[in-house]
Amino acid sequence: ALVDDGIFALRMKQGNGSVWSEEKLDEPRYFYYWQSEALKKMLEDVGFEWLDITKGYTAHNKANWMHIILKKP
């Protein structure tokens, strides 16, 4: 639960599609990869205000990441 005017931060892998993986935990986990515009639309549709996005790449896991800051109006 997030209070009104609360700030929410999340980090998502950028990509297309989805995958099941047992990497790192040896247990199956489901991952869905987003593109920033589709993620922004979905989050705004459920009521969040999109404040900021920073994109980056991490070499150790060869992944493109999106760091997103949102606000609950």
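Strands β2 (18-21) and β3 (29-32) each supply at least two residues of the lining of the largest pocket; strands here are DSSP runs of E, at least two residues, numbered from the N terminus. This is a predicted model, in which local features need pLDDT of at least 70 and side-chain atom pairs count only at pLDDT 80 or more, while totals for chains, interfaces and linings use all residues. Residues are numbered from 1 along each chain as its sequence is written, and side-chain values use heavy atoms, with hydrogens and water left out.

A pocket is an open set of points on a 1 Å grid over the protein atoms alone, with protein on both sides within 12 Å along at least five of seven lines; lining residues have an atom within 4 Å of a point. The lining comprises Lys13, Val19, Ser21, Glu23, Lys24, Arg29, Phe31, Tyr33 and Asn61. By class, three are nonpolar, two polar and four charged, where Asp, Glu, Lys and Arg count as charged, Ala, Val, Leu, Ile, Met, Phe, Trp, Tyr, Cys and Pro as nonpolar, and the others, Gly among them, as polar. The volume of this pocket is about 190 Å³, taken as the space filled by probe spheres set on the points, which are joined across faces, edges and corners.

Let us turn to two individual residues. Ile69 belongs to strand β5 (residues 63-71) and is partly exposed, at 31% relative accessible area; the term covers values between buried, under 20%, and exposed, over 50%, with a 1.4 Å probe and protein chains only. Glu22 sits in the loop between β2 and β3 and is likewise partly exposed, at 48%.

Terms used. On a 1 Å grid over the protein atoms alone, a cavity is a set of points where a 1.4 Å probe fits but cannot get out, and a pocket is an open set with protein on both sides within 12 Å along at least five of seven lines; lining residues have an atom within 4 Å of a point. Helices (H or I, at least four residues) and strands (E, at least two) are DSSP runs, numbered from the N terminus.
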